[in-house]
Amino acid sequence: MTHPYVRLLDQVTRVGGVRGVMLVVADDGLVVAESLMEGIRGGAVAALAASLTRRLAMVTKTSAVGELGFLQLQAEEGTLAIVPAPAGVLVVAVGGSDMNVGLARLEMLRVAEVVR
Amino acid sequence: MRRTRAVEAWTIEPLNRFVVESGARFTLLMTPAGQVLAQHGFTRAVDVMASAALGAAIFSSTGEIARMLGEREFRALNHQGRQYGVFLGALDTDRGKLLVLVVYGSDSSLGLVQLFFDDLAEQLVVAAPVPEVRRGPILAADFERELNESLASLFGR
């Protein structure tokens, strides 16, 4: 039986260009639930994404611009998008260069609302 | 700056890389008997010896729990505190089974330590030499001399 969180993630993976999405514990960098295409190292992405988010959250705090709400890393061949959820969980999506970032962000925010 | 010190030189490069990548505060590489092969971050011999003995004891006692559950052993375990976490992982090499005790702070995470522990284990497996067969009995005097040499290597004395 599929875990409800995995079903929840499916609404993000349905977005065009998304290759995978995970729920990650922000403090530990461990995967809570994932829906990934083959070849994506979920554990590694989760650990590094959590570390990156922690550091960037310090930057926004130090800069007095408020809490980190959405993080998008555009690379040569794809995109990494992160939405911190209130419960100390991160919604992390990995996509290709064709990823519909706007729609993915909307769906990730919806997931973050549910897991709060 | 804290340094990595090793009794066995083949451990230094993988351990150095692990410490940099994982952000570990303290790291001990040892045998399941608590014999230390390398350390990073410790400044006092007594802390190394105590940590090695306690780490080996934890691994041994959780091994018994694993056997009660029908597992061969636990490959890794984690203790999480408010400021620090302790990760204890095991790996098999030609040098025999080794344990890695890692203390990490809030600037790292269990996920990062686990991630780079897997890399460390792979590198140690590749680098580990086949141990020489020891001839003759182990004498108390040899044991004390080797212990002193190990401590000197670990603390650069």
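**Labels and their grounds**

B:Val46 has its place in helix α2 (residues 45–68) of chain B. The model is a predicted one.

Q: What makes B:Val46 count as buried or exposed?
A: B:Val46 has 8 C-beta neighbours inside 10 Å. The label exposed applies at 12 or fewer, so B:Val46 counts as exposed.

Q: How do you know whether B:Thr27 is buried or exposed?
A: B:Thr27, which lies in strand β2 of chain B, has 25 C-beta neighbours inside 10 Å. The threshold for buried is 20 or more, so B:Thr27 counts as buried.

Q: Which residues does B:Thr27 touch, not counting residues up to four places away in sequence?
A: B:Thr27 touches B:Leu15, B:Phe18, B:Val19, B:Gln39, B:His40, B:Gly41, B:Val100 and B:Val102. Contact here requires C-beta atoms within 7 Å. By C-alpha atoms, B:Thr27 and B:Val103 are separated by 6.4 Å, although they are 76 residues apart along the chain.

Q: Why are the buried residues of α1(B) said to line one face of the helix?
A: The buried residues in helix α1 (residues 12–22) of chain B are B:Pro14, B:Leu15, B:Phe18, B:Val19 and B:Ser22. Seen down the axis of α1(B), they fall within an arc of 135 degrees, so they line one face. An α-helix has 3.6 residues a turn, so residues three or four places apart point the same way.

Q: What covers the buried residues of α1(B)?
A: The cover includes β1 (4–6), β2, β3 (36–40), β6 (96–104) and α3 (110–127) of chain B. Just after α1(B) comes B:Gly23, with a positive phi of about 75 degrees.

Q: What makes A:Ala64 worth a remark, given that it is not a glycine?
A: A:Ala64 has a positive phi of about 55 degrees. It is found in the loop between α2 (42–62) and β3 (71–75) of chain A.

Q: Why is A:Ala64 called exposed?
A: Within 10 Å of A:Ala64 there are 6 other C-beta atoms. Exposed means 12 or fewer, so A:Ala64 is exposed.

Q: Why is chain A described as being as compact as a globular protein of its length?
A: Chain A comes to three helices and five strands, in the order α-β-β-α-β-β-β-α from the N terminus on. Its radius of gyration is 13 Å, close to the 13 Å that the globule rule gives for 116 residues, so the description holds. The C-alpha atoms fill a box of roughly 40 × 30 × 25 Å along the principal axes. Buried residues make up 32% of chain A.

Q: How do you know whether the radius of gyration of chain B agrees with that of a compact globule?
A: For 157 residues, a compact globule would have a radius of gyration near 15 Å; chain B has 15 Å, which agrees. Chain B holds four helices and six strands, running β-α-β-β-α-β-β-β-α-α from the N terminus on. The C-alpha trace spans about 45 × 45 × 30 Å along its principal axes, and 34% of the residues count as buried.

Q: Which residues have the most contacts inside the largest nonpolar core?
A: They are A:Val91, A:Val92 and A:Ala93, in a core of 65 residues. α3(B) gives the most to this core, with nine residues. Apart from neighbours within four places in sequence, A:Val92 is in contact with A:Val21, A:Met22, A:Val24, A:Val45, A:Ala46, A:Ala49 and A:Ile82.

Q: How many residues does each chain bring to the contact?
A: Chain B brings six residues and chain A brings 10 residues. On the side of chain B that touches chain A, three are nonpolar, three are polar and none is charged.

Q: Where in chain B is confidence lowest, and where is it highest?
A: Confidence is lowest in helix α4 (residues 140–155) of chain B, at a mean of 73, and highest in strand β2 (residues 26–30) of chain B, at 96. Chain B averages a pLDDT of 88, with 94% of the residues scoring at least 70. The model scores ipTM 0.77 and pTM 0.81.

Terms used
Residues numbered from 1 in each chain as written. Chains lettered and ligands numbered in written order. Predicted model: local features only at pLDDT ≥ 70, side-chain atom pairs only at ≥ 80, totals over all residues. Contact = placed C-beta atoms within 7 Å. Nonpolar A, V, L, I, M, F, W, Y, C, P; charged D, E, K, R; others polar. pLDDT = per-residue confidence, 0-100. Helix = DSSP H or I, 4+ residues; strand = E, 2+ residues; numbered from the N terminus. Rg over C-alpha atoms; globule rule 2.2 N^0.38 Å. Arc of directions from axis to C-beta. Core = buried A, V, L, I, M, F, W, Y, C linked by C-beta atoms within 7 Å.
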